[in-house]
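Here are a few friendly notes to read alongside the model. Have the strands in view as you go through the points.

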Amino acid sequence: MNTSLSGRLAGYESWQGHDPFEDHAGPFFFKKHEDGRVTCAFEATPTHCNGGGFLHGGMLMTFADYALFAIGSDVLEGPAVTVSFSSEFTAAAGAGAFVEARGEIVQNTGSMVFLRGQVFTGRDKDERILLNFSGIVKRVKKRPLAD
């Protein structure tokens, strides 16, 4: 786990090396607060943008999926997969933005965790919600990959 971050990412951690796709798409980071909340973040670069110069929708959805697992990490306690994901885009941002996600567990059953959250940029009166999201994450038994 990388915990030696500075600047806007000071206090955040990463799971680099844990998920090759997320490492390539991000990098993404998370912070666990004393009250149990989890905040996720990344620094938007031009490689995260579409041809119009805005953050790519698929990028924001990938980040939101990452956030599902960070937000639910304390109750997931092992391998899990996303079985349902919904999102609504509400605003745009571009390279240079510090993008964060917050959310909550709505319900935790025996095999599934239901979550919802928001991807946003800015603080206080300058905050802009970029994406609302919800998802269902299913606990799975770890199986070896086929050759």
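1. Why is strand S2 (residues 38-43) largely enclosed by the rest of the structure? Of its 6 residues, 5 are buried, so the rest of the structure largely encloses S2. Buried here means under 20% relative accessible area, with a 1.4 Å probe and protein chains only. Strands are DSSP E runs of at least two residues, and helices are H or I runs of at least four, numbered from the N terminus.

2. A word on the source: this is a predicted model, where local features need pLDDT of at least 70, side-chain atom pairs count only at pLDDT 80 or more, and totals for chains, interfaces and linings use all residues. Residues are numbered from 1 along each chain as its sequence is written, and side-chain values use heavy atoms, leaving out hydrogens and water.

3. Look at both partners of S2. With strand S1 (residues 29-32), S2 pairs in the antiparallel sense over 4 bridges, and Lys31 stands opposite Thr39. Strands pair if DSSP finds at least two bridges between them. With strand S4 (residues 98-108), S2 pairs antiparallel over 5 bridges, and Cys40 stands opposite Ala101.

4. The hairpin of S1 and S2 has 5 residues between the strands, and Gly36 takes a positive phi near 95° there.

5. Now the whole sheet: 6 strands form an open, antiparallel sheet in the order S1-S2-S4-S5-S6-S3. S1 and strand S3 (80-89) stand at the edges with a single partner strand each, so one side of each has no neighbour in the sheet.

6. Strand S5 (residues 112-121) and strand S6 (residues 128-139) pair in the antiparallel sense over 10 bridges. Gly117 stands opposite Phe133 in S6.

Technical notes
Buried < 20%, exposed > 50% of the residue type's maximum accessible area, 1.4 Å probe, protein only.
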